[in-house]
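Thank you for letting me take a few minutes of the meeting. I would like to walk through one structure with you, going from its charged side chains to its core and its rings.

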Amino acid sequence: TSAAPNPDSNPLISSLDHIHIHAADPMASIRFYESCFGAEHLGSIPSGEGGRNHGVLLGGQLLVISEFPPGMSPKEPPEAGDGALLSGFGVAHFGLQTDDLDSALSRLRDAGAQIHGEPRQTDSIRFAYATVPDGVVIELVELHLPARLRPFLPLLKGVNQAIHLTRRALAKQLFE
């Protein structure tokens, strides 16, 4: 068993830095995230393999989208099941929070994404999964918090906006 983290200690990891996606067509993938989710293409920097790493800001988080490096090539992704590819390893999906799950799903359908079933709901979240370009599985999450937690929503939105603006300012400097 692991010990509970000490909130007074200096954590080894301070935050999620980025999610890196290899794409057969990086610009098409960037356009998808821009049109479906309002992501912002910040620019690009040279990759270690001689190509370009494109910085894309999505919900205060940084996606790095690049072409496949030499010696690697895209393959048809395996079928996706309940929130993950049916065969593979590692990351099952990444989650994106939305205030309007139905509108987000409509945009994804219009863009040709594969939606995996109708939205479901647990006690506090309504969610659905989709496969988007490059075989990436995402989960869209819409919060439905109990009354005792609803007063924290404006605080959460404020913190998320502050993170978004800070990451944007830093990443724009890096990717310009």
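What we have here is a predicted model, in which local features need pLDDT of at least 70 and side-chain atom pairs count only at pLDDT 80 or more, while totals for chains, interfaces and linings use all residues. Residues are numbered from 1 along each chain as its sequence is written, and side-chain values use heavy atoms, with hydrogens and water left out.

With that term in hand, Asp102 is partly exposed, at a relative accessible area of 42%, whereas Arg126 is buried, at 17%. In general, side chains of opposite charge can pair when their charged atoms come close. I will speak of a salt bridge when a side-chain nitrogen of Lys or Arg is within 4 Å of a carboxyl oxygen of Asp or Glu, and the structure holds five of them.

Arg126 forms one of these with Asp102, where the closest N and O atoms are 2.8 Å apart. Arg126 sits in strand β7 and Asp102 in helix α2, so this pair ties together parts that are 24 residues apart in sequence; helices (H or I, at least four residues) and strands (E, at least two) are DSSP runs, numbered from the N terminus. Arg126 also forms a salt bridge with Glu142, with the closest N and O atoms 3.4 Å apart, and this links strand β8, which holds Glu142, to strand β7, 16 residues away. Glu142 counts as buried, at 9% relative accessibility.

Elsewhere, Arg168 and Glu40 meet in a salt bridge of 2.6 Å, N to O. Because Arg168 lies in helix α3 (residues 153-175) and Glu40 in strand β2 (residues 40-46), the pair ties together parts that are 128 residues apart in sequence. Glu40, Arg168 and Lys172 are linked in a network of salt bridges.

Now, what does Glu139 have as a partner for its side chain? Glu139, in strand β8 (residues 136-143), is buried yet has no salt bridge, and the nearest side chain of opposite charge, Arg120, is 7.2 Å away; for charge, Lys and Arg count as positive and Asp and Glu as negative, while His and the chain ends are not counted. The side chain of Glu139 does make a polar contact of 2.9 Å with the side chain of His93, a term for a pair of N or O atoms within 3.5 Å, where, within protein, one must be able to donate a hydrogen and the other to accept it, and residues adjacent in sequence count only if both atoms are side-chain atoms.

Let me turn to the core, meaning a set of buried Ala, Val, Leu, Ile, Met, Phe, Trp, Tyr and Cys residues joined through side-chain atoms within 4.5 Å. The largest has 25 residues, of which Tyr33, Phe94, Leu108 and Ile138 touch the most other members.

Finally, the rings: those of Phe, Tyr and Trp (its six-membered ring) pair if their centres lie within 6.5 Å, with planes under 30 degrees apart counted as stacked, over 60 as edge-to-face and the rest as tilted. By this rule there are four aromatic pairs. Phe32 and Phe37 are edge-to-face, at 6.2 Å centre to centre and 85° between the planes, whereas Tyr33 and Phe37 are tilted, at 6.3 Å and 35°.

Methods. Buried means under 20% relative accessible area, exposed over 50%, partly exposed in between (1.4 Å probe, protein chains only).
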